[in-house]
Amino acid sequence: MSRKRTHEDQTDDAEMHDVEKNTTVDKQLDPESSGSEDDDDDAGSTVDVDFEFFEPTEIDFHGIKSLLKSSFGDDAQDFDISGLADLILEQGEIGSTVKTDGEESDPYALLTVIDLNKNREKPVVRQIKDYLLKKAEKAKVAAKLADILDAPDKQHTGLLISERVVNVPPQVVAPMLRMLVDEMKSATGTDTPYNFEHFVIVCPLYRDTEAVADDADDDSDDASETGRKKPLVSIRRNGKSSARDTTNNAMHMSLETHVYAEEEFIEEFACLKFDYKFTRTKRAAESRNSFADSGLSPFRRCLVVHKSKLSDLIDRLNDIVMSFV
């Protein structure tokens, strides 16, 4: 199968140079290295990586499963991850993976959308909807979310899944989104239309554990249609912002950071959003829990974006991520 051509490929191949060619990542040193002077010289160097976009295929099953597990964090065992991976693969040309060593290699990023209406009888879709509604109930927005998730058949809702390993730069996101929009337009009018009214996006974040402990007595999650009920300090990758919670006249300060920098800017397009904590907590000795060792606790922020905002969202992301270069 040939590489997928991006939106930029189709308009001007040169525009994709910074995304697909010569995108730099930190060079990983050999853990068995002797610490020689040459190794020290390599520590600050970068390597060129070619990112290629492919349709999800059966060969990606295990790689997709690994990416999906991170979407659900500590609660992943409560979902049929294999069933969700199968559902993604069944969609054919909808969605993209990012690879660096050709079609046979493992995917390092995934972006796709799942029709929550068409697949409502799938066990994993029921699990996801029930889970989000339960979390939304604690955040006191369950009724609003239910109206969106259980909308009439002509107003389908899509679960937008965007996952990647930490070293993949955010510059791949905008072209993947543009490809997804083109694919959805091509599929509209067929037996499997992808004309979504709303998109649900679950974003991973970390918050300092001291603030989480302070909120332990309050089992409700923060939520708002236009913002959080309890404003928190937000640490941005390219700047800082702050806010104070004056609930009960108490000065409450908290720190939070987005795992994927670009998702902070998606929030401005959301018509509904709420935060939630995992039902389960486990701090196994693995790399993804390194933040917890530093005093940060993972949580999720659920965003709902109306289709009318999607084009502006993509343009905004493109402007933002290119500023990260």
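**A colleague's note on a predicted model**

1. Let's start with Arg 301, which sits in strand E13 (residues 296-306); helices (H or I, at least four residues) and strands (E, at least two) are DSSP runs, numbered from the N terminus. This is a predicted model, where local features need pLDDT of at least 70, side-chain atom pairs count only at pLDDT 80 or more, and totals for chains, interfaces and linings use all residues. Residues are numbered from 1 along each chain as its sequence is written, and side-chain values use heavy atoms, leaving out hydrogens and water.

2. Is Arg 301 buried or exposed? Arg 301 counts as buried because its relative accessibility is 1%; buried means under 20% relative accessible area, exposed over 50%, and partly exposed in between (1.4 Å probe, protein chains only).

3. Now to helix H4 (residues 61-72): its 12 residues reach 17 Å from the first C-alpha to the last, close to the 16 Å expected at 1.5 Å a residue. That expected span is 1.5 Å times one less than the number of residues.

4. Which residues of H4 are buried? They are Phe 61, Gly 63, Ile 64, Lys 65, Leu 67, Leu 68, Ser 71 and Phe 72. Strand E13 is one of the elements covering them, and helix H5 (81-90) and strand E6 (156-164) are also among them; contact here means heavy atoms within 4.5 Å.

5. Just after H4, Gly 73 takes a positive phi of about 55 degrees.

6. Finally, have a look at Lys 140, in the loop between helix H6 (123-138) and helix H7 (142-149). Lys 140 has a phi near 65 degrees, a positive value in a residue other than glycine. Most residues other than glycine have a negative phi. With 63% relative accessibility, Lys 140 counts as exposed.
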